[in-house]
Amino acid sequence: SSIEQFIEGIPKAELHLHIEGTLEPELMFAFAKRNNIKVNYENVSEVKKAYQFNNLQEFLDIYYAGANVLITEQDFYDLTWAYLIKVKKQNVLHIEIFFDPQTHTDRGIPFETVINGIHKALEHGEEKLGISYRLIMSFLRHLDEASAFKTLEQSLPYKDWITAVGLDSSELNNPPSKFQRVFNKSIEEGYITVAHAGEEGPASYIWEALDLLKVDRIDHGNRCLEDEKLVKRLVKNQVPLTICPLSNLELKVVTNLKDHPIASMLAKNLLVTVNSDDPAYFGGYMNENYIAIARALDLSKRQITDLAKNSIKASWLDDTQKEKLK
Ligand code: ADE
Ligand code: ZN
């Protein structure tokens with residue numbers, strides 16, 4: 001339809017994407033085979049049947065199990081390259097993506113194996129596909145502060161390859177304040193900061209992310225709408241929210257895409273963007289997310305354009321680079 005072609009045609013940036021969340025079942029079986037690892041499923045359709053979640057934790061359990069097939073630098077390279085090829089076809093011109101080192105280092109995979117594979121693919125993508133990128137190292141908030149500090153330490157030799165640190169995994173009962181000291185140190189080391197907040201957790205976690213972790217963007221942030229003062233602050237400072245429509249639907253953050261608040265967020269002048277989060281698990285990459293939300297909310301071309309423009313505005317490209325993407 002014309003709205004699909006319109007979405008395919010506009011330049012976009014993706015700002016909320018976990019590289020581990022791009023592990024398609026086909027690739028999972030290929031890695032399992034070459035690494036001699038057993039997966040819990042017989043075939044691809046069995047895997048897809050298992051991807052039904054009632055909340056964030058049910059998803060995370062399956063997502064961390066999936067990551068067990070990632071062993072070698074080549075695996076991380078191939079995973080990242082497959083994602084780049086996908087978004088290239090969707091007119092995504094710039095990406096700022098997460099990786100979760102602790103998911104791998106806790107299994108005995110060296111930090112450098114993970115980052116070398118991802119970095120090589122991203123460099124290759126910039127050179128061969130023209131996709132510019134930034135890399136965000138995300139701490140797992142269900143683990144303790146000491147583990148996050150250790151991860152920060154491991155990242156320091158690779159500082160030039162990493163733009164920002166983030167915070168993800170099980171949100172409830174793991175408030176941003178738990179990582180205030182790690183984020184302070186990260187800022188001292190020159191990293192920008194972001195955090196998942198207000199996906200399942202309360203609006204107070206968004207305040208903490210802003211005030212204690214000094215974040216540049218909020219990942220998700222849906223629940224800001226419960227707090228009028230917070231909305232005012234986010235609007236006034238134009239703090240970007242990286243919204244993930246299909247993720248919100250699959251993790252039951254919204255019960256129906258027709259109830260998704262992104263249109264009213266736009267109307268409130270919140271700097272909202274559309275992203276895919278974990279596309280292999282939630283059924284869609286960037287354009288599928290744009291198309292699903294545009295259809296459900298009957299978005300105008302103007303609203304769709306505003307969302308895409310917001311993604312470039314909210315990125316960490318410099319102003320000249322932003323101009324080129326418009
Ligand atoms: N890790 C991967 N995707 C996530 C999400 N949507 N929320 C928290 N942690 C995640
Ligand atoms: Zn996420």
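Predicted model: local features only at pLDDT ≥ 70, side-chain atom pairs only at ≥ 80, totals over all residues.
**Sheet.** I looked up the strand order first. Eight strands form an open sheet, ordered S1-S2-S3-S4-S5-S6-S7-S8, with parallel pairing. I then checked the edges: S1 (12-14) and S8 (272-274) each have a single partner strand, so one side of each has no neighbour in the sheet. From one strand to the next, I noted an average twist of 25°.

**S4 and S5.** I looked at how S4 (residues 164-168) is joined to S5 (residues 192-197). The two run parallel and are linked by two bridges. For Val165, I found Thr193 as the bridge partner in S5.

**Helices on the sheet.** I followed H9 (residues 180-188), which packs on the sheet and touches S3 (132-140), S4 and S5. The direction of H9 makes about 150° with that of S5. I then turned to H15 (residues 286-297), which also packs on the sheet, touching S1, S2 (92-99) and S8. Its direction makes about 115° with that of S8.

**Core.** The largest nonpolar core has 88 residues, and I asked which of them touch the most other members. They are Ile118, Ile206 and Ala209. I listed contacts for Ala209, leaving out residues up to four places away in sequence: Pro176, Ala195, Ala197, Val215 and Ile218.

**Ligand 1.** I listed the residues surrounding ligand 1: His18, Gly21, Leu56, Asp168, Ser169, His196, Glu199, Ser247, Asp277 and Asp278. By class, I noted one nonpolar, five polar and four charged residues in this shell.

How values were computed
Residues numbered from 1 in each chain as written. Chains lettered and ligands numbered in written order. Core = buried A, V, L, I, M, F, W, Y, C linked by C-beta atoms within 7 Å. Buried ≥ 20, exposed ≤ 12 C-beta atoms within 10 Å, placed from the backbone. Contact = placed C-beta atoms within 7 Å. Pairing = 2+ DSSP bridges. Helix = DSSP H or I, 4+ residues; strand = E, 2+ residues; numbered from the N terminus. Axes fitted to C-alpha atoms, helices over the stretch in contact; angles between N-to-C directions. Near = placed C-beta within 6 Å. Nonpolar A, V, L, I, M, F, W, Y, C, P; charged D, E, K, R; others polar.
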